[in-house]
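Here's a quick tour of a two-chain model, with a few residues to look at up close. Have the viewer open as you read.

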Amino acid sequence: GENVEQHPSTLSVQEGDSAVIKCTYSDSASNYFPWYKQELGKRPQLIIDIRSNVGEKKDQRIAVTLNKTAKHFSLHITETQPEDSAVYFCAASVVGDSNYQLIWGAGTKLIIKP
Amino acid sequence: SQTIHQWPATLVQPVGSPLSLECTVEGTSNPNLYWYRQAAGRGLQLLFYSVGIGQISSEVPQNLSASRPQDRQFILSSKKLLLSDSGFYLCAWTGYNEQFFGPGTRLTVL
């Protein structure tokens, strides 16, 4: 079955700098890769996603890149702000599978230092 | 638009007591539904998922069970809680691709 590994587990960056979180997956059939942000005590919420037919997707200060050959995808946050502090989860899935499941990474705690 | 509800929001229960957490979804029909548990400072552990009424798949053998008595209702239960059952319980449903999470139930077992 699918396995998703996420690194680093904790990332501390200076406000205004960029942050990069990386995930690798094992199942070449996976074709959908979302990123979720979870603020303390809150539910995870989708911030960006990418399908396997696209190599990069950008939404303002956040972007996701996908390398299908290497089976890894990354979240990039530029010009980090205090409100970016949260736990970020990556996931992978096979869209179209009737038993649709997201396989989750272990999470990255992002700390933005003022 | 779709909305997902969970209750209660918080719960403190003694070891050995029963548990019932409820999740309901509005604004969609025949959703895939999921129960996750998140221990403090940890990731998302999938407990159960359901593709339809009465259809439950268990991901982790344990003292919890789930039921889906109606299309948009998903219930998580236990007959006897353990200390290790403490955590943040999240219900989710799947849209076209995205999973939408409920607000969660924070369970403390003492």
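Apart from its neighbours within four places in sequence, A:S9 is in contact with A:G107, A:T108 and A:K109. Keep in mind that this is a predicted model. A:S9 sits in the loop between strand 1 (4–7) and strand 2 (10–14) of chain A. A:S9 and A:G107 are 98 residues apart in sequence, yet their C-alpha atoms are 6.3 Å apart in space. Is A:S9 buried or exposed? At 53% relative accessibility, A:S9 counts as exposed, because the cut-off for that label is over 50%.

Over in chain B, B:L82 is another loop residue, placed between strand 8 (73–78) and strand 9. Leaving out neighbours within four places in sequence, B:L82 is in contact with B:N63 and B:V109.

B:R37, by contrast, belongs to a strand, namely strand 4 (residues 33–38) of chain B. The side chain of B:R37 makes a polar contact with the side chain of B:Y89, at 3.1 Å. Beyond four places in sequence, B:R37 has a list of contacts that includes B:G43, B:L44, B:Q62, B:D85 and B:F88, as well as B:Y89 itself.

| Residue | Relative accessibility | Class |
|---|---|---|
| A:S9 | 53% | exposed |
| B:L82 | 42% | partly exposed |
| B:R37 | 11% | buried |

Now for where the chains meet. The contact takes 23 residues from chain B and 18 residues from chain A. About 1600 Å² is buried between the two chains, and carbon and sulfur atoms give 52% of that area. Which three residues supply more than any other three of the area that chain B buries against chain A? They are B:L44, B:N97 and B:F101, which supply 32% of it. One of these, B:L44, is also among the contacts of B:R37.

That leaves the largest pocket, with a volume of about 570 Å³. Its lining comes from 28 residues, and A:L40, A:V87, B:Q38, B:G41 and B:R42 lie nearest its centre. At least two lining residues each come from strand 9 (86–92) and strand 11 (108–113) of chain A, and from strand 9 (87–94) and strand 11 (105–109) of chain B. By type, the lining divides into 10 nonpolar, 13 polar and 5 charged residues.

Note on methods: Residues numbered from 1 in each chain as written. Chains lettered and ligands numbered in written order. Predicted model: local features only at pLDDT ≥ 70, side-chain atom pairs only at ≥ 80, totals over all residues. Heavy atoms only, no water. 1 Å grid on protein atoms, 1.4 Å probe; cavity = no way out; pocket = protein on both sides within 12 Å on 5 of 7 lines; lining within 4 Å. Points joined across faces, edges and corners; volume = space filled by probe spheres on them. Helix = DSSP H or I, 4+ residues; strand = E, 2+ residues; numbered from the N terminus. Nonpolar A, V, L, I, M, F, W, Y, C, P; charged D, E, K, R; others polar. Buried < 20%, exposed > 50% of the residue type's maximum accessible area, 1.4 Å probe, protein only. Polar contact = N/O pair within 3.5 Å; in protein donor to acceptor, adjacent residues only side chain to side chain. Contact = heavy atoms within 4.5 Å. Buried area = accessible area lost by both parts, 1.4 Å probe.
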